[in-house]
Amino acid sequence: DAVKSSNLKGYAPICCGYEDFYWRRVHLRMQDCFDRPVASAPDAWLDIVERQSNDSHKTLQRTAETSRCLNLGSYNYLGFAAADEYCTPRVIESLKKYSASTCSARVDGGNTKLHTELEELVARFVRKPAAIVFGMGYVTNSAIIPTLIGKGGLIVSDSLNHNSIVNGSRFSGATIKVFKHNNPAHLEHVLREQIAEGQDHTHKPWKKIIVIMEGIYSMEGEMCNLPGIMAVCKKYKAYTYLDEAHSIGAIGKTGRGVCELMGVDPADIDIMMGTFTKSFGSCGGYIAASKEIIHHLKHACPAHIYATSISPPAAQQVISAMKVILGEDGSNRGAKKLAQIWENGNFFRLELKKMGFEVLGDNDSPVMPIMLYNPAKMPAFSRECLRKNVAVCTIAYPATPLLLARARICISASHSRDDLIRGLEVISKVGDLVGAKYCPVEKEKT
Ligand code: PMP
């Protein structure tokens, strides 16, 4: 009954892939979530839930006022969202020179040298001919997708795509079909079904088809099966749109994201999207594509024409961070950061698994969700971590299906080994307390 009333179906249409993807796993965990009589839940857990409802607000304030927390929840993958010897002086300089805002759209005098420099640098960084930047990553997706496609077009979207993609797709007026998460075979099935309506193997009846996916899925920590998906798109001549919000800067030998990691030529991807809010420690977003597409976007995208341009200091922060990653600051700090995030992420993931946690995602991904399943465990998990001065994000419905609550850890290059060990100790204790270690640890053979 609990399964039926949990309304997983209510998740449709755009997240319906979750149902398929996780059904087996949810089913296995249902016993843990519902069949167990409440009285048999660990006492400590009930106690925590009780305490939370009594003084949750006070506890939060107390922690915020008096404690420095180890932050295991931020997207600050390379540690640029903190004072940096190269970036910070340049950002301060740009603030003095240009102020915090242009107070104008790009086309109305809101363009500075920094905006042009940033677009050229982004294009060079992601290895595309041209780029356009926006003041917000969310808006980059939600405003660009409707500028690229409209009524009569078909969007085929990964079932776990970010809300900004979902909303951009809905605003566009195009027909939306969803393929099972990261599943090229199902993508092919969807495309074949849609294109068959044209009676030949052209795109009829569609004016154009765009397939949209992400580099790293932020709720899953999982990387896109880019080669597999690209092969299907090529076969069916569909345009490709890749959101690299979580992968650009964070993965790949020189920080160039999933394309670099998986050996895919960026020239084969039509639209590359990314944000500046993660690896670059700033805010804003970009689209990189052919000169023709960028020209079209600059003349047709309302978020370029009617919205105030990205703040100059934010633009300067991205320029400086990219230069550090590229080694153009005259140091090898960028390369060190990239090696560090890789080492930190893989160390942390392995240790969590050794403790018996069920951790989603791929090796090399700095995002690692720990499954909690039962949403009731979520506040207890984050609260107890916070009490021990470790900040983690817990995530549940509607960002995930109802019964797939999780704690999401994001690892940064700026975490020291001591930080990571302290974080692991706390998470292990809290995991025992709330009963979140679902994978029995194999006893070492003596
Ligand atoms: N795309 C993806 C995949 C994201 O995860 C996010 C936000 N985390 C965005 C776009 C929106 O970016 P921003 O937070 O920079 O607005």
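Guide: Strand 8 (residues 239-243) and strand 9 (residues 271-275) run parallel and are joined by 3 bridges, where strands are DSSP runs of E with at least two residues and helices are runs of H or I with at least four, numbered from the N terminus, and where two strands pair if DSSP finds at least two bridges between them. Within this pair, leucine 242 stands opposite methionine 272 of strand 9. This is a predicted model, in which local features need pLDDT of at least 70 and side-chain atom pairs count only at pLDDT 80 or more, while totals for chains, interfaces and linings use all residues. Residues are numbered from 1 along each chain as its sequence is written.

Both strands belong to an open sheet of 7 strands with mixed pairing, in the order 2-10-9-8-5-3-4. Its edges are formed by strand 2 (130-134) and strand 4 (175-179), each of which pairs on one side only. On average, and with direction ignored, neighbouring strands of this sheet are turned by 20° against each other, the axes being lines fitted to C-alpha atoms, for helices over the stretch in contact, with angles running from 0 to 180 degrees between N-to-C directions.

Helix 11 (residues 291-300) lies across strand 2, strand 9 and strand 10 (285-289), and runs at about 30° to strand 2; contact between two residues requires that their C-beta atoms, placed from the backbone, lie within 7 Å.
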